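User: I am new to this structure and would like to work through it step by step. Please look at it with me and answer a few questions.

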Amino acid sequence: MKIISEKDFPQDSSINMVVDDDYDNTPEENTGENCAHRRVFRGKCVSCKRLAFKYVHEDQTLIHSTTKERYLRTPQELLQNNLKDSLFRLSQPWEMIMVKLRPSVHTFLKEASTMFEIYMCTMSTRSYALQVAELLDPESVYFKSIITREDLLETSEKNLGLVLREERMVLIIDDTISVWSEHELNLIHIKKYHYFDSDHDWSVVSLSALGTDEGGTTGKLTTVLQQLKLIHRLFFNPKFEGGLQDRDVRDILDRLSVLQGCTLSFKNIFPSDFRPENSRLWLMAEELGAKVSMDNLINTITHVVTWFATAEEFQEAEREKIILVHPKWLRACYIASERVSEKKYLIKPKDSS
């Protein structure tokens, strides 16, 4: 696995990423107490022959899987919309499984692997995990390691014990928060991928039932990939104070929620020949989770950061419900690591007296 780090830093300074790939490929568990042994073969504990612990029924991060017979009997119905390269039927000793790859998953893994070492962590058995990994990574270039049920110490928890990096350098992507109770601060939560009908969540209409799918360029993996690129850029940014040894992805994730939902535009701040994305103010806005735009025709602006505003600009902002604020507001939010009230930093019309 290629380790990528900024050229100004040592080559062992890469960040790691853990993605989940859970599917419970064992039969229904017995009604008795589950054993504590770790080795599972064909759905049974190797040591005491009990049926293995049944944890989750389907993965919904990178793929969606099902054992529903109607999908297995008539897969041709699902091959509409050019799904032949994303829909697969896997054979297990006790059942058949239909697997649907999430749109853009190969692009996601390819681009993420240039920035991170990628570990797959799954509650499923190793045999099934290797089959899925072959679909996701046919040339075996993306995953540094595959951590499966047989490797985990707890049957209901995932952990970073087998990820060979400091926790401050590890990001987790999962559709289930509860399994990472010891590492929630490292977690990027992704919305579940509901392609097939579910026996467990009747409130959700599957994408296959609607005859559609997530968009390749607008889907959840594309959104998460953009977030990963931002986190990577912020972590390795040489302009930030302190050395690499002082940086922590958990702090970056926490800060990204401060101005989430805000879209900022800078006006009358930078010289015309200056690239604003290189400015400290722009970087602070990104680090706080705000979107930054210089074109209000494309993005709906919530705040304009400026030194001053004319009466006409002030009236337009009021009409568009845009908040005009001084750059000191952004710095105050950055220092406090929370969204500070704009009241003290509001801009008044320049020609008012």
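User: Is Ser 104 buried, partly exposed or exposed, and what is its relative accessible area?
Analyst: This is a predicted model, and the values here are computed from it. Ser 104 sits in the loop that runs between strand E6 (95–101) and helix H2 (105–112). Buried means under 20% relative accessible area and exposed means over 50%, with partly exposed in between. Ser 104 therefore counts as partly exposed, its relative accessible area being 25%.

User: What is the phi of Ser 140?
Analyst: Ser 140 lies in the loop between helix H3 (126–136) and strand E8 (143–147), and the residue is exposed, with a relative accessible area of 62%. Most residues other than glycine have a negative phi. Ser 140 is not a glycine, yet its phi is positive, at about 55°.

User: Which element supplies the largest share of the lining of the largest pocket?
Analyst: The largest pocket has a volume of about 900 Å³, and of the 25 residues that line it, the closest to its centre are Gln 227, Leu 230, Leu 256, Gln 260 and Gly 289. At least two lining residues come from each of strand E10 (187–189), helix H5 (220–235), helix H6 (249–255) and strand E12 (291–292). The largest share, six residues, belongs to H5.

User: How many charged residues are in the lining of the largest pocket?
Analyst: Domain 1 (50–228) and domain 2 (258–336) each contribute at least three residues to this lining. Sorted by class, the lining has nine nonpolar residues and nine polar ones, while the number of charged residues is seven.

User: Which residues does Met 17 touch, not counting residues up to four places away in sequence?
Analyst: Met 17 is among the residues with the most contacts inside the largest nonpolar core. With residues up to four places away in sequence left out, Met 17 touches Phe 108, Ala 112, Phe 116, Glu 117, Ile 118, Tyr 119, Leu 171, Ile 173 and Leu 228.

Methods
Residues numbered from 1 in each chain as written. Predicted model: local features only at pLDDT ≥ 70, side-chain atom pairs only at ≥ 80, totals over all residues. Heavy atoms only, no water. 1 Å grid on protein atoms, 1.4 Å probe; cavity = no way out; pocket = protein on both sides within 12 Å on 5 of 7 lines; lining within 4 Å. Points joined across faces, edges and corners; volume = space filled by probe spheres on them. Helix = DSSP H or I, 4+ residues; strand = E, 2+ residues; numbered from the N terminus. Nonpolar A, V, L, I, M, F, W, Y, C, P; charged D, E, K, R; others polar. Domains from an automatic or database assignment. Core = buried A, V, L, I, M, F, W, Y, C linked by side-chain atoms within 4.5 Å. Buried < 20%, exposed > 50% of the residue type's maximum accessible area, 1.4 Å probe, protein only. Contact = heavy atoms within 4.5 Å.
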